[in-house]
Amino acid sequence: MTRGKRGGVACGDWVDVAPAGDGGVIERVLQRSSLLYRADAVQEKLIAANVTQALVMVATWPGWDEDLLVRCLVAAEHAGVRVRLLLNKVDLAERRAGARQALAVFEGACDITEISALDGADAVRPLLVGQVSVLVGPSGVGKSSLVNALVAGAGAATGQVSVALDSGRHTTTHARLYHLDAQSALIDSPGMQVFGLHAIPPGKLDEQFPEFRPYLGKCRFRDCRHLGEPGCAIQAVAEGGGFQSARLTQYRGLMATR
Ligand SMILES: Nc1nc2c(ncn2[C@@H]2O[C@H](COP(=O)(O)OP(=O)(O)OP(=O)(O)O)[C@@H](O)[C@H]2O)c(=O)[nH]1
Ligand SMILES: [Mg+2]
Ligand SMILES: [Zn+2]
């Protein structure tokens, strides 16, 4: 293996391979059209390369950490790909209303689709046509279950959710690409508990909030960070109900803890 750009080879990469022994060695990672990754202060973890769409998944149960979800969405926006939210396990009727309510804050950020991987997940099939999609989200939300529902013979391992921890158990250990047809593919990835955004400069975080985009550049100060500066257009629009003000709160939380 060679050391490629950004920490080596990611699922979805195109590579040059040279024969070696019974197999081959990767000589070169070809130029990527997109790269989804997370980064803390120490290291970067590549999630998937060359995808056209990120399907950020949460489930009615176990519940999700809003900060983690915001970070997934921001990283996917930063990768420059189409972003969708999937709410899985809507068959759990008693959990549905609460989950819908908690997701409502993201309605202006991206399309939200409700599915049940265990009931065939037909609602998701049309969204995958012609796309290379990657499933990302916390452990136990049903990413691998969705792959199994969509890809005949996929046989992806799925795990029980721990009732004690109210979380998944990290059943999937590395990303894997499944072909759907000649133009479409789906990548399953391991659930994550943290999502560092160190690779995104603070001054670029606002661009990753789709609701803010029409108003960027309209603040009084050119370098406004939307943290309470006078004449901030983003704050004015949020206060006027132009988008959900909770999104500005999420943004400010990220600016404080990135
Ligand atoms: N009720 C219900 N349970 C589901 C559904 N989809 C998945 N599950 C269950 O949720 C648990 C976790 O599913 P996985 O597919 O392993 O979750 P994952 O997101 O791949 O988890 P990691 O690989 O750890 O990241 C399993 O017990 C599944 O049977 C669904 O639509 N409804
Ligand atoms: Mg899995
Ligand atoms: Zn501003």
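Helices here are DSSP runs of H or I with at least four residues, numbered from the N terminus. By that count, helix α4 covers residues 143-150. The model is predicted. Helix α4 gives the most residues to the shell around ligand 1. The helix also lies across five strands: β5, β6, β8, β9 and β10. The protein chain is divided into two domains, domain 1 and domain 2.

**Ligand 1 and its shell**
- Ligand 1 is surrounded by 25 residues.
- The closest are Gly142, Ser144, Thr158, Thr172 and Gly191.
- Three residues of the shell come from α4.
- Polar residues number 15 in this shell. Six residues are nonpolar and four are charged.

**Helix α4**
- α4 is mostly covered, with seven of its eight residues buried.
- The buried residues are Lys143, Ser144, Ser145, Leu146, Val147, Asn148 and Ala149.
- Ser144 therefore has 20 or more other C-beta atoms within 10 Å of its own. Ser144 is also among the residues closest to ligand 1.
- The cover over the buried residues of α4 includes β5, β6, β8, β9 and β10.
- α4 runs at about 150° to β10, which spans residues 185-188.

**The sheet**
- Six strands make up an open sheet with mixed pairing. Their order is β7-β6-β5-β8-β10-β9.
- The edges are β7 (111-114) and β9 (176-179), and each of these strands pairs on one side only.
- On average, neighbouring strands of the sheet are turned by 25° against each other, direction ignored.
- Strands β5 (residues 53-59) and β8 (residues 132-136) run parallel and are joined by four bridges.
- Leu55 stands opposite Leu135, a residue in β8.
- β6 takes in residues 82-88 and is one of the strands that α4 lies across.

**The two domains**
- Domain 1 spans 32-188, and domain 2 spans 202-257.
- Their C-alpha centres lie 27 Å apart.
- Nine residues of domain 1 and eleven residues of domain 2 take part in the contact.
- On the domain 1 side, the touching residues divide into five nonpolar, two polar and two charged.

Note on methods: Residues numbered from 1 in each chain as written. Chains lettered and ligands numbered in written order. Predicted model: local features only at pLDDT ≥ 70, side-chain atom pairs only at ≥ 80, totals over all residues. Near = placed C-beta within 6 Å. Helix = DSSP H or I, 4+ residues; strand = E, 2+ residues; numbered from the N terminus. Nonpolar A, V, L, I, M, F, W, Y, C, P; charged D, E, K, R; others polar. Pairing = 2+ DSSP bridges. Axes fitted to C-alpha atoms, helices over the stretch in contact; angles between N-to-C directions. Contact = placed C-beta atoms within 7 Å. Domains from an automatic or database assignment. Buried ≥ 20, exposed ≤ 12 C-beta atoms within 10 Å, placed from the backbone.
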